[in-house]
Amino acid sequence: MTARAERHGDELIAHRRLTAGPDRVWTAFTSPASIAAFWGGSHATVPPGSVTVDLRPGGEFALDTRAPDGRTRRLRFVYVSVTAPHELVFDEPVTGLRTTVTLRPAGDGTELTVHQRRLPPALRTDQAADGLAAILDALAAHLRDDEPSEKGDENVPTEPA
């Protein structure tokens, strides 16, 4: 399954069903290394050292995106609400764009919705919708590639020998 994104006036809404549970998806959206792995989607890369996360209301989340032609752009967001592992709300201070990321358990996976409001005119395009869908598809691939091994998860304590 791939992500689908719809535009409605100054709003963009994308949905993606993920095979990972909400806790893993939450970690992907809040861990600098994971953000770097998927945020650029198919249209940009994110240098891992450029990602900063101060996960609290009023905290900043920032990253650089590098386009295929080498141009780099700094993106900066401020967290409005952090409700682990269900919802993140953050604003882009320059444009006023508000993004709400909602995670809902769905069977053994997660139903992910990204709702962007107050889109600036430059982002009210099919290209922007396709870009957001590509980011969510890259997230799904990252989660598949980063799945814990079936032989054991490093977060599960083991008995001493």
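A: Start with the side chain of Thr 110: one of its polar atoms lies 2.7 Å from the backbone oxygen of Ala 20. That side chain also reaches the backbone oxygen of Gly 21, at 3.5 Å. (A polar contact is a pair of N or O atoms within 3.5 Å; within protein, one must be able to donate a hydrogen and the other to accept it, and residues adjacent in sequence count only if both atoms are side-chain atoms.) Keep in mind that this is a predicted model, where local features need pLDDT of at least 70 and side-chain atom pairs count only at pLDDT 80 or more, while totals for chains, interfaces and linings use all residues. Residues are numbered from 1 along each chain as its sequence is written, and side-chain values use heavy atoms, with hydrogens and water left out.

Thr 110 is buried, with a relative accessible area of 0% (buried means under 20%, with a 1.4 Å probe and protein chains only). Leaving out residues up to four places away in sequence, Thr 110 touches several others, including Arg 16, Leu 18, Val 25 and Leu 103 (contact means heavy atoms within 4.5 Å).

Now zoom out a bit. Thr 110 sits in strand β8 (strands are DSSP runs of E, at least two residues, numbered from the N terminus). Strand β8, residues 109–117, pairs with β2, residues 11–18, in the antiparallel sense over seven bridges (pairing takes at least two bridges found by DSSP). Along that pair, His 15 stands opposite Thr 113. Both strands belong to an open sheet of eight, ordered β1-β2-β8-β7-β6-β5-β4-β3.

Technical notes: Helices (H or I, at least four residues) and strands (E, at least two) are DSSP runs, numbered from the N terminus. Buried means under 20% relative accessible area, exposed over 50%, partly exposed in between (1.4 Å probe, protein chains only).
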